[in-house]
Amino acid sequence: IDQAGPGGRIHGMDISRWQHPNDKAIDFVKMYSAGIRFVMIKASDSRDDADQLARKWLKKDREGAQAAGIYTGFYHYATLPDTTKKSIVIADAKAQAQKVVWRLASIGGYTDKDLPIALDLENNCVRGTLANCKKYTSRKLVTLWAETFLSEVTNKTNRKPFVYSYPQFLEKAMVRSTELKKYPLWIAAYGKDPAVPTNQPGLKKVGCYAHAWSKANCTPDWQIWQYTSCGIGSKYGVPSARVDLNVFSGDENQFAQFTLGTWQPTTKD
């Protein structure tokens, strides 16, 4: 696996139906030539309308990417139930996990060119809209939901999934859970160049965000870093004007282990 990304890291991308304006297809051969070696594809959504749009492109994008020599992964966008009852939160998390498992089964299950499933958890609004939210669910219930979902997916796929979110959400909307830090982190943090060795995602000008993956030296224990949403689509064979770009934290051997879903967290002081 070429480490042709910023900082000599393995370069990746994430895509959804937004990368298919006017139903245009992605040129994955060009994407590979531009140095991309893994692509995270939106596979499912808790909202029915968005889920159908994700399903429309999933199989085609996965086949196209793998045929071009690119590893593929999948992510599920989660919304949480409007309730204060733990039993309903747990039931909803299990239901969304089952939806993910069925979606994976519908494309034939994992291959040796797949990364594990990722949970896209970045929204704790349960009443109203993101722009005008009337009610947010509690930190404890967000964490309970995530722990339940991740455990259920692990048990049913025999691969450890990982979590996608951004530092502010991890700190303010979730509890620092020892259970959560057992899963790999895909962190979204912009404004820093991953080519600079001292740069780390999710640091403040003073101090750092405190969440389940924070280490004592203020850095997060991350595996994938989404470092920009402003990649130039045409450079990578993508019809949309912009695209999200990512880097993997380790070398090719660590990447190979990561695809197996057997990742273990580093020892924290």
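**Spaces and strands in a predicted model**

The largest cavity has a volume of about 70 Å³. A cavity here is a set of points on a 1 Å grid over the protein atoms alone where a 1.4 Å probe fits but cannot get out, and lining residues have an atom within 4 Å of a point. Grid points are joined across faces, edges and corners, and the volume is the space filled by probe spheres set on the points. The structure is a predicted model, in which local features need pLDDT of at least 70 and side-chain atom pairs count only at pLDDT 80 or more, while totals for chains, interfaces and linings use all residues. Residues are numbered from 1 along each chain as its sequence is written, and side-chain values use heavy atoms, leaving out hydrogens and water.

Two or more of its lining residues come from each of β2, β3 and α3 (86-106); helices (H or I, at least four residues) and strands (E, at least two) are DSSP runs, numbered from the N terminus. By class, this lining holds eight nonpolar, two polar and one charged residues. Ala, Val, Leu, Ile, Met, Phe, Trp, Tyr, Cys and Pro count as nonpolar, Asp, Glu, Lys and Arg as charged, and the others, Gly among them, as polar.

In total, there are two cavities of 30 Å³ or more. The second largest cavity, with a volume of about 40 Å³, is lined by L80, P81, V89, T137, L141, V142 and W145. Helix α4 (residues 139-157) gives the most to this lining, with three residues. Six of the lining residues of the second largest cavity are nonpolar, one is polar and none is charged.

Turning to open spaces, a pocket is an open set of points with protein on both sides within 12 Å along at least five of seven lines. The largest pocket holds about 480 Å³ of space. It is lined by 20 residues, and S16, W18, K42, Y75 and D120 are the closest to its centre. Elements giving two or more residues to the lining of this pocket are β1 (11-15), α2 (48-67) and β3 (71-77), and the largest share, four residues, comes from α2. Nine nonpolar, three polar and eight charged residues make up the lining of the largest pocket.

The strands form a closed barrel of eight, in the order β1-β2-β3-β4-β7-β8-β9-β10, with mixed pairing. Two strands pair if DSSP finds at least two bridges between them. Strand β7 (residues 162-165) pairs with strand β8 (residues 185-188) in the parallel sense over three bridges, and Y164 stands opposite W186 in β8.

Among the 11 aromatic pairs found in the whole structure, F162 and W186 form a tilted one, with 6.1 Å centre to centre and 55° between the planes. F162 lies in strand β7 and W186 in strand β8, so this pair ties together parts that are 24 residues apart in sequence. Rings of Phe, Tyr and Trp (its six-membered ring) pair if their centres lie within 6.5 Å; planes under 30 degrees apart count as stacked, over 60 as edge-to-face and the rest as tilted.
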